[in-house]
Structures are given as structure tokens and as C-alpha cells.
Amino acid sequence: MTAGTAVNDTRSRLLATALKLFGEHGMEGTSMQMIADDLGVTKAALYYHFKSKDEIAEAVVAPALQEMDQILDEARTKRSRGAQIDHALAGFVDLIVRERTLVGLFNSDPGLQRLINRTLQARDEDLKTKLRTVFAGADASLADAITVHVMSAGLAMAGGAREFAAVDDDSLRQHLLDAGRRLLGRPRPKHPGKSRLGLRI
């Protein structure tokens, strides 16, 4: 293992440990010392990778935000509005199901909500605006904008909810897709295709 690989492996384990502890204690209730203890390293070793807990949390959420950005960009390349919506919805649901712990934290943890909102505001194009534009169009009516908000927030709330934690991924994904289609007025496909992860849509 090269030095670079070892550093990346340690960083990955650090982020996984932080996410686990955030889920158990909340972001505000998790200290740098707790992360170091759980990881089995010194606190000084954490500071080699990150200067603060906020930096750790930003690194935890960054891949999911970047993936959602990519999903929306891919959706924009589709020719029809229906294809754009279907692609964005399938990708959004895939992401929710795969990142249940993180989504659940975003739903319930004020510290993580504050950090994610700050990260979103720092972008050239606000992710929430891009999401609304893809799902409802550039000149969305108030009714359509509210529908998109209800859809996106509702799917995230359900996907990260503790009461559905025992539901298997495929079942949860299908129920979330069906709910999203109903809210957006999209028909159920006659010939199910494949999502970005190879799952049926």
C-alpha cells in the first residue's frame, strides 16, 4: 500500500466513523475526541486531515451533494421534459436509499442542516433552484414549485425515517419512486427500464 493509498483509506474510515457517530449522537453531540477514540487514533491525527468538525461534516456530505448535482446535469441533457423528470427522480431516489443515514441526519440534525445550507449557498448555482428547474421548468408556477418542494422534502423525510429503517432497499426505492411519480403527475412506465444503479424503474 502506497502512502497516498494509506492516507485515502484513513480518510475514508474517518468519514465513515464520523457519519456513524453523527447518527448516534448528532453533529453537535459528537466531538473530535469521540471520533478519534472510535477510530483508534489520536486527536492530532484527525487534525492532519481536517481542521475542524465542520470540515469533517462538509466532507461527509460533499459526495452526496456532488452526485445530486451530476444527476440534475444529466437530466438536463434529456430531450423531453418527461425524460428529464424521470431521470432526475430515479437518481434522486437512488441517492436517498443509498444514503439513508445521511438523509435521516439532514432531516433531524440542526447542525448538519446549517452546514449543508451554507454549502449550498456557496455554489454558483443553488442546488435547490436547479432541482426545481429540472422538475418544474424554468418558469414554474407557485403551485408547481410547491409540488416539487413537497415531493423532494417528502421523499427525503420518508427515505431517512427511522420507522422505515427495516424496509429493504428495493422495496423502499419502489415505494419512493411511486410516490414521487404520483406527486409529479408522471405515469408509471409500461416497460420498466433501469435506473443509474441498474435497478428497475
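Predicted model: local features only at pLDDT ≥ 70, side-chain atom pairs only at ≥ 80, totals over all residues.
Q: Which hand does the crossing of α4 and α8 have?
A: The crossing is left-handed, meaning that the near helix is turned anticlockwise from the far one by less than a right angle.

Q: Which residues of α8 meet α4?
A: Leu127, Lys130, Leu131 and Val134 do, and among their partners in α4 are Leu65, Met68 and Asp69. Contact here means heavy atoms within 4.5 Å.

Q: Which residues of α8 are buried?
A: Leu127, Lys130, Leu131, Val134, Phe135 and Ala136 are, with buried meaning under 20% relative accessible area (1.4 Å probe, protein chains only). Their cover includes α4, α5, α7, α9 and α10.

Q: What makes Asp126 a cap for α8?
A: A side-chain oxygen of Asp126 lies 3.2 Å from the backbone nitrogen of Lys128, at the N-terminal end of α8. A polar contact needs a pair of N or O atoms within 3.5 Å, one able to donate a hydrogen and the other to accept it.

A note on the numbers: residues are numbered from 1 along each chain as its sequence is written. Local features need pLDDT of at least 70, side-chain atom pairs count only at pLDDT 80 or more, totals for chains, interfaces and linings use all residues, and side-chain values use heavy atoms, leaving out hydrogens and water.

Conventions. Helix = DSSP H or I, 4+ residues; strand = E, 2+ residues; numbered from the N terminus. Buried < 20%, exposed > 50% of the residue type's maximum accessible area, 1.4 Å probe, protein only.
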